[in-house]
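Here is a briefing on one protein model. Look over the sequence and the fold, then read the points below.

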Amino acid sequence: MKKKIIPVLTVLILIFIILLIVLVSRKVREYLPGTEKQDLETYFGLTSEDEIALELNHNIIEEKAFRKGNEVYLNYQYIHDELNDRFYWDTNENLLLYTTSSNVIKAYADSKEYYIGKKKNSKDYEIVLVDKDHVYIALDFVAEYTNLAYELYEEPYRVLLRTKWGKVKKITVKKKTQLRVENNIKSNILCELEKDDVLTRLDGTDGWTKAVTKDGLIGYVQDKRLGDETEETESHEFTEDIFEHQMRDYEINMAWHQVTVPEANNSISTVLQNTKGINVISPTWFYVNDNEGNIASRASMDYVRYCHERDIEVWGLFSNFENRDINTTEILTHTSKRENLENQIIAAAIQYGLDGINIDFEELDAAVGEGFIQFIRELSLKCDGNGLVLSVDNYVSSSYTQFYDRQEQSVFADYVVVMAYDEHYAGSTEAGSVASIGFVKKASDDILEEGVPAEQVILGMPFYTRVWAETPKSGNGDDTESASEDYVPYELSSEAYGMDSAKQLMDVNGAEQNWLEEAGQFYTEYVNNGVTYKIWMEESRSIEEKLKVMDSHGFAGAAFWKLGLENSAVWDVIFKYIN
């Protein structure tokens, strides 16, 4: 019996020993460093031989570059969105534009030649490549106008882009080790690190340091393998473009003068006789009249002469909405048509001896935003070359008007006018103020938050109000429409009134006015023939509240729409704040 038991025990002991060895081996392997090398093409997300990986400020990004000859090319859209949005690609005319403070640089597709203004230049590489629906720009060309630096490495090909500089943390390897993909000992090895190698420290956690090598490998090193941390300041030599403006050394007191027919110019003496302190007048003289960028004019040299004799500058207004048959997008997105418009504007300004130009382009689609901004850039250079002030009228800031890019406007234009009115307008679904003080304050705060310097902002104010009429509907309340929860029992309409005419309407109807502190306006309401009328008045006190906002924000001045709708008393108030 014993002879039978001994072999069984021996087998069991051997099995136990084997299991123990296996368990110990597994446990030991848990603590042994991984030895598998990371495939760098996978690490950088490369899927073809033509691709070049991009690493921006120590972050590997999805965007890829490619090489042609010795030149690296990046996608235009990435350059525009992430590196320098001043590059503009005209898809209609296959033309790359870049606007500096003094020139427009032009480069055509698949060409080594480019123009700085009218001067022809060339590179030893093609500046712009077009491939089906994609546009690529040579990185060396981008770097000439952008505060960036880059280095190209091989095996695999990768470009290290830098757009940020300053203080960085450096750390030295004190003992030979590995840089791993993740912060654990089993993670794949990115590269071997030698003693005294210097890394840039990015972060640290749980005994590991996240760092980047000189050639752009980002991974983790055990803290115990690293020496002391030091701090260095990295910099890059790049001369930023300097933009100057034709600013007046006095506050702007500007009023728009609506001129709908040439004969209206003859009334300028009457229009100005009750004003006080106006130093800029902007007559609505010019408008885009066809899709080639030609303009129509109602201008008068006698008008300009009369204003100049009274030390009033004339900033002619150019609009895009008087001829409803034109397509503003068509004009602004074709460089040749856009340049024709710019030249027409400058020619008209010179012909009539204008002091400045006031651009009032409204109801634009987001699709034309880039073209509009390029229009302002190019026009500003032409204005500067001819001693003309450039001002641009703008809606108040909102999510759906961001493409007007008011901050970029302010880089090129001299003044940015914010039209702080039409809070409630003809198409509004409820009655309300044209420009309550809260609306004006928000518009003023928002324009500064967008990055427009206060000294370039002109605050637009209304000389008009709206008289709202709520006319009861004829239904008896039993129909299906009136049974709904959102049923409105009246038809809403409105009409714009000047200050005096609105006051007369209120007086004729025996209505009382009450000051609304939250609106910064007098409010009146009355009923006539069953119709309820509501008016948020614009007059001297409400205008003064807006002028206080202008003053407190340190703005360049104010503009008023429009001459002829104000009463004479309001000028005394305006003169208190702008003189």
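Which residues are linked in a network of salt bridges? Arg86, Arg377 and Glu408 are. A salt bridge here is a side-chain nitrogen of Lys or Arg within 4 Å of a carboxyl oxygen of Asp or Glu.

This is a predicted model: local features need pLDDT of at least 70, side-chain atom pairs count only at pLDDT 80 or more, and totals for chains, interfaces and linings use all residues. Residues are numbered from 1 along each chain as its sequence is written, and side-chain values use heavy atoms, with hydrogens and water left out.

**Overall build**

- The protein has 15 helices and 34 strands. Both are DSSP runs numbered from the N terminus: helices are H or I with at least four residues, strands are E with at least two.
- The C-alpha trace spans about 130 × 70 × 45 Å along its principal axes.
- The radius of gyration is 35 Å, whereas a compact globule of 579 residues would have one near 25 Å. This radius is taken over C-alpha atoms, and the globule rule is 2.2 Å times the number of residues to the power 0.38.
- Of the 579 residues, 49% are buried. Buried means under 20% relative accessible area, exposed means over 50%, and partly exposed lies in between (1.4 Å probe, protein chains only).

**Salt bridges**

- The structure holds 29 salt bridges. Side chains of opposite charge can pair when their charged atoms come close.
- Arg162 and Glu234 meet through their side chains in a salt bridge, 2.9 Å from N to O. Arg162 lies in strand E12 and Glu234 in strand E19 (residues 226-234), so the pair ties together parts that are 72 residues apart in sequence. Arg162 is buried at 18% relative accessibility. Glu234 is buried too, at 19%.
- Arg248 pairs with Glu313 in a salt bridge, and their closest N and O atoms are 2.9 Å apart. Arg248 sits in the loop between E19 and strand E20 (252-257), and Glu313 sits in strand E24, so this pair ties together parts that are 65 residues apart in sequence. Arg248 is partly exposed at 23% relative accessibility, whereas Glu313 is buried at 14%.
- Lys120 forms a salt bridge with Glu113, with 3.3 Å between the closest N and O atoms. Lys120 is partly exposed, at 47% relative accessible area. Glu113 is partly exposed as well, at 35%.

**Surface patches**

- Patches are made of residues with over 30% relative accessible area and no salt bridge; like charges are joined within 9 Å, and nonpolar side chains (Val, Leu, Ile, Met, Phe, Trp, Tyr) within 5 Å. Accessible areas come from the Shrake-Rupley method with a 1.4 Å probe, and for residues only the protein chains shown count as cover.
- Ile13, Leu14, Phe16, Ile17 and Ile18 form a nonpolar surface patch, with about 500 Å² of accessible area together. Phe16 belongs to helix H1 (residues 2-31). Phe16 counts as exposed, at 54% relative accessibility.
- A surface patch of negative charge gathers Asp39, Glu41, Glu49 and Asp50. For charge, Lys and Arg count as positive and Asp and Glu as negative, while His and the chain ends are not counted. Each charge is placed at NZ of Lys, CZ of Arg, CG of Asp or CD of Glu.
- Glu49 is exposed, with a relative accessible area of 78%.

**Backbone points to check**

- Where is Pro156? The residue lies in the loop between strand E11 (149-153) and strand E12 (158-162). The peptide bond from Glu155 to Pro156 is cis, with omega near -10°.
- A cis peptide bond also runs from Trp561 to Lys562, with omega near -5°. Lys562 lies in the loop between strand E34 (557-561) and helix H15 (569-577).
- Asp110 is not a glycine, yet has a positive phi of about 55°. Asp110 is in the loop between strand E6 (104-108) and strand E7 (113-116), and is partly exposed at 44% relative accessibility.
- Asp311 has a positive phi near 60°, again in a residue other than glycine. Asp311 is in the loop between helix H6 (301-309) and strand E24 (313-319), and is exposed at 66% relative accessibility.
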